[in-house]
Amino acid sequence: MGVASLYARITANPMTTILTNAWLLTLDDALTEHRPGWLQIDGDTITALGSGTPPTVENAEIIDCNGDIVMPGMVNAHCHMGMSVFRGLGEDVDDRLYRYILPLERKFVTPEMVRAGSALSALEMIQGGVTTIADMYYFETEVGRVAAQSGLRAIVGQTLADFDPPDHKDFDQGFARVEELVDEFAGHALVTPSIAPHAPYSTGLKVMERVARWSADHPGVPVQMHLAESTLEVAWARDNHNQSTVAVTRDAGLLKPNLICAHCLQLDDADITMMSEAQVCAVTNPRSNGKAGRGIAPVEKLRNAGIPTGIGSDGAMSGNTLDLFSQFAPVSMFAKLLGGSRKPLPALDVVRMATIEGARALSLNLKTGSLETGKQADLIRISLAAPRLHPIYDAYSMLVFAAMPSDVTDTLVAGRWLMRDRQVQTLDPHKTLRDAMQIATEFKAEMTRIDEAAR
């Protein structure tokens, strides 16, 4: 039995569930709120919602939310799930990428390691209210399998790169892995396969052109890529092609509506115009980029140009956490620092970026990102019990600047409980942590060997 049919078999649930006495933040176009509100789920779909007294449905499960917030599940629009086992490694070592990360990847990144790291990430994100992810890494079929098992909605991208990655020695092998990924998850209810050229400088123009041709033959498959992430990338484009990295991507044929551009730090106005005209989408990763000292993404300019912009955590190696609460304050504060004012990127816009706009950036907004009838029941419940959340003058400000992952009590995707009353339903937390710690032990031993060899 294939992954898609297995998922359908284990999650079939025609039962009606009605959430009552909730503070519903729908994030629909009108930003409708219902307080107190109710929401009805039939199977995997939101079938009704409103204020006041809920309908009476025979044999329905009624859940009193006690005034808690119920809102769309959050969208982590760029991450590397398999890399959670690198979290905090060599944190203060300036050359850690070349000293530790790349050697460890080449030696230890296997399907088993990626699966363990992805499970750890899935556990963290479920607990933090993330219901949709866009991922790119190696052995990506393993990431897709973990996403399917854990119940997350996911776009999973097989990375292609030229720096001796652990799962392909040349681009022919890399494209073969992409084909395997597409074959395995074709038609899956939750997992969408993707092709992910690492970045312009790490693939080169000819491979980018090959990806563009492949993409044209697979119009339903998204393309993910790091773009304009560093000054080194900008220098590569200038020195080798005498133009910007965005222009190189355009000339390769990749700048088109199915491209999800991660980071987007080193952009000028002409780049943003090109991106807007091509109808690409962008993802900002404020915590990761801030820690690396790489700069601040021009989020206001991107959004004002009509470019849907989501929020991503990047990998735990870079940003340490995979929840979006940790990204909220930085993304807002960075915009305010750029603008020299409190006005840029208000809290409401940040929450929109983490929900409906993030879903739009991944072309999933017809399924998820807001609480509306006919959409998938991807939602979270946030407890208002913590004193640090009160008083609440503005729910969106509270979510951006005060809420934490531990406030999330329930997480549902397609009507399936991934976490209920803070108890994760789809993964074994103890096994997940044990598997990750075993890999960390191997990493520590190898880092000691590397340090001794360098003396």
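Which residue of β7 is the bridge partner of Val75, and what surrounds that part of the chain?

Mentor: Let us begin with how the model is to be read. This is a predicted model, in which local features need pLDDT of at least 70 and side-chain atom pairs count only at pLDDT 80 or more, while totals for chains, interfaces and linings use all residues. Residues are numbered from 1 along each chain as its sequence is written, and side-chain values use heavy atoms, with hydrogens and water left out.

The bridge partner of Val75 in β7 is Thr132. Helices (H or I, at least four residues) and strands (E, at least two) are DSSP runs, numbered from the N terminus. Strand β7 covers residues 130-137, and strand β6 covers residues 74-79. These two strands pair in the parallel sense over four bridges; two strands count as paired if DSSP finds at least two bridges between them.

Thr132 also has a bridge partner in β8, namely Arg153. Strand β8 (residues 153-160) runs parallel to β7, and six bridges join the two. Between these strands the chain passes through helix α4 (residues 140-150), and this β-α-β crossover is right-handed. The term applies if, with the strands pointing away from the viewer, the path from the first strand over the helix to the second runs clockwise.

How well is β7 covered? Eight of its eight residues are buried, where buried means under 20% relative accessible area, exposed over 50%, and partly exposed in between (1.4 Å probe, protein chains only). In a regular strand the side chains alternate between the two faces of the sheet.

The cysteines deserve attention next. A disulfide is a pair of cysteine sulfur atoms within 2.5 Å, and by this rule the count is zero. The sulfur of Cys79 lies 16 Å from the closest cysteine sulfur, that of Cys264, which is too far for a bond. Cys264 is likewise in no disulfide, as the nearest cysteine sulfur, in Cys261, is 5.1 Å away. Cys79 is buried at 0% relative accessibility, and Cys264 is buried at 1%.

Most residues other than glycine have a negative phi, and most peptide bonds are trans. His263, in strand β11 (residues 259-263), has a positive phi near 90° and is buried, with a relative accessible area of 1%. Asn242 has a positive phi of about 55°, but this residue is exposed, with a relative accessible area of 69%. Asn242 is found in the loop between α8 and α9. A cis peptide bond joins Arg35 and Pro36, with omega about 0°, and Pro36 is found in strand β2 (residues 33-42). Another cis bond runs from His390 to Pro391, with omega near -5°.

Finally, the part may be set within the whole. The chain has 18 helices and 17 strands. Its radius of gyration is 21 Å, close to the 23 Å that the globule rule gives for 455 residues, so the chain is as compact as a globular protein of that length. That radius is taken over C-alpha atoms, and the globule rule is 2.2 Å times the number of residues to the power 0.38. Buried residues make up 61% of the 455 residues in the chain.
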